Amino acid sequence: MSSREFGEHEIESIIDDIANMINRFVRAGRYTFADKLANATSKEIIEMTLYEALRISRSTLESGGTLDENVKPYVASEDSIKKLLAILDEDLEKGIDIVRKIAIRALTFPSKKEKGGE
């Protein structure tokens, strides 16, 4: 899978999907994942951060729990994660730029107060 295959629309879709997952943590007052992605300088840091977010999201969702009293977790699609990792493999600088956009987008989605939970 080459990142050159991905158009701007597809990259925006990747950003939105993963940012949605990270935003759920932000809405629950857990900024760690957004902070780690915003400050990431290597593929390894990004991979570990995504792994932790995916693991917590999936296990919380499967147990029927929430990230706080009102915020349900969201698990980013396997396709989005695979595509982001392919971009990071091919062009680390471009990948880190996309990851920073994910962090920014996660912080700019409506808060739980604006959205009324979820």
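Helices α4 and α5 lie oblique to each other, a class that takes in the angles left over once those under 35 degrees (roughly parallel), over 145 (roughly antiparallel) and 65 to 115 (roughly perpendicular) are set aside. In this predicted model, local features need pLDDT of at least 70 and side-chain atom pairs count only at pLDDT 80 or more, whereas totals for chains, interfaces and linings use all residues. Residues are numbered from 1 along each chain as its sequence is written, and side-chain values use heavy atoms, with hydrogens and water left out.

The angle between α4 and helix α5 (residues 92-108) is about 140 degrees, and their axes are 5 Å apart; axes are lines fitted to C-alpha atoms, for helices over the stretch in contact, and angles run from 0 to 180 degrees between N-to-C directions. On the α4 side the contact (heavy atoms within 4.5 Å) involves L84, I87, L88 and E90, which meet L92, K94, G95, I96, I98, V99 and I102 of α5. Eight of the residues in this contact of α4 with α5 are nonpolar, one is polar and two are charged, where Ala, Val, Leu, Ile, Met, Phe, Trp, Tyr, Cys and Pro count as nonpolar, Asp, Glu, Lys and Arg as charged, and the others, Gly among them, as polar.

Helix α4 (residues 78-90) also contains S80, which counts as buried because its relative accessibility is 6%, the limit for buried being under 20% relative accessible area with a 1.4 Å probe and protein chains only. Apart from neighbours within four places in sequence, S80 is in contact with S13, I14, D17 and I18. The side chains of S80 and D17 are joined by a polar contact of 2.8 Å, that is, a pair of N or O atoms within 3.5 Å, of which, within protein, one must be able to donate a hydrogen and the other to accept it.

A further packing pair is formed by helix α1 (residues 8-27) and helix α3 (residues 43-62), which pack at an angle of about 70 degrees with axes 11 Å apart, so that α1 is roughly perpendicular to α3. The residues that make this contact are I18, M21, I22 and F25 of α1 and L50, A53, L54, I56 and S57 of α3, of which eight are nonpolar, one is polar and none is charged.

Overall, the protein has six helices and zero strands, assigned as DSSP runs (H or I, at least four residues, for helices; E, at least two, for strands). Of its 118 residues, 43% count as buried, and among contacts with a separation of 6 or more, 73% are between residues 24 or more positions apart.

Terms used: Buried < 20%, exposed > 50% of the residue type's maximum accessible area, 1.4 Å probe, protein only.
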